[in-house]
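Please walk me through this structure. Begin with its charged pair, then take the sheet, the core and the overall figures.

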Amino acid sequence: MTTPADSPISDMAVPYALHALSEQERAAVEDAVAQSGAADAFFDEVRAVREVMAAVSAATAVEPPEALRERVLGLVAAEATGGTVRALDTRRRRGLRTAILAAAAAVVIGLGAVGVGIALRPPPPQSIAQEVFAAPDVRTVSGELPAGGRATLVYSHDKHAGVLVMNNVPPPSKGTVYQMWLVGADGPVSAGTMDEASVAPSTTAVLPDLGDSTELAFTVEPGTGSAQPTGPAFATLPLV
């Protein structure tokens, strides 16, 4: 599982992933990443952001207004100077990350719980996904699953919500479901189920209420799901 570190280099992973940098800026970021010793973590986050945006943009999408595009590109403050990236203070780096993600969220129209049954809840409104992508504290966590494929969660503690994407995950066996659990101090709470028909090559869900949970866990449950996990989690995503 990977999480972005709180550093200027890792904060540049989002605009890098969304091709929001000039060629000169991209080259400067790549040089800085190569010298940082954190290349694996940086490119893990780049891959995770691209996977999530590819999945959510597969829903109905429109081009963002040109004025928004110009505003966001104007906020890309990483400048190449002598082959290095100029250090940004925390507020400006957070502003850059927020602006880029807000622009990405602006192209997502009608995103709901795609292919996932959220247990005992109606599908959440698409504005939740937009709020998550635009949140100042947005985080990305991802990891390979033992059965194959990858799960990526983009989430915000400020918004108490997240967007989950599962890529190339094999479906559960007939008569069982994958069940998601938000785990906190009071134990696991069900966050939804995915049956055999629900799991596609790219499966997307909005998690509208993370609460104070510290991890998202996945189990295999019989039938249509369980009130509590009946076995150990086969994967977890920490919500740091």
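Glu 144 is partly exposed, with a relative accessible area of 49%. Arg 150 is buried, at a relative accessible area of 6%. Buried means under 20% relative accessible area, exposed means over 50%, and partly exposed lies in between (1.4 Å probe, protein chains only). Glu 144 and Arg 150 form a salt bridge, and their closest N and O atoms are 2.6 Å apart. The term requires a side-chain nitrogen of Lys or Arg within 4 Å of a carboxyl oxygen of Asp or Glu. The structure holds one salt bridge. Side chains of opposite charge can pair when their charged atoms come close.

This is a predicted model, where local features need pLDDT of at least 70 and side-chain atom pairs count only at pLDDT 80 or more, while totals for chains, interfaces and linings use all residues. Residues are numbered from 1 along each chain as its sequence is written, and side-chain values use heavy atoms, leaving out hydrogens and water.

Next comes the sheet. Four strands form an open sheet, ordered S3-S4-S5-S8, with antiparallel pairing. Strand S3 (139-144) and strand S8 (202-207) are the edge strands, and each pairs on one side only. From one strand to the next, the twist averages 15°; axes are lines fitted to C-alpha atoms, and angles run from 0 to 180 degrees between N-to-C directions. Strands count as paired if DSSP finds at least two bridges between them. S5 (residues 161-167) and S8 pair in the antiparallel sense over six bridges. Within this pairing, Val 165 stands opposite Thr 204 in S8.

Now the core. The largest nonpolar core has 21 residues. Such a core is a set of buried Ala, Val, Leu, Ile, Met, Phe, Trp, Tyr and Cys residues joined through side-chain atoms within 4.5 Å. Leu 153, Leu 164, Leu 216 and Phe 218 have the most contacts inside it. Among the elements that give two or more residues to this core are strand S4 (150-156), S5 and strand S9 (215-222). Beyond its neighbours within four places in sequence, Leu 164 is in contact (heavy atoms within 4.5 Å) with residues including Leu 153, Met 180, Thr 204, Leu 216, Phe 218 and Leu 237.

Finally, the whole protein. There are seven helices and ten strands, as DSSP runs (helices H or I, at least four residues; strands E, at least two) numbered from the N terminus. Of the 240 residues, 48% count as buried. Residues 24 or more positions apart account for 66% of the contacts with a separation of 6 or more.
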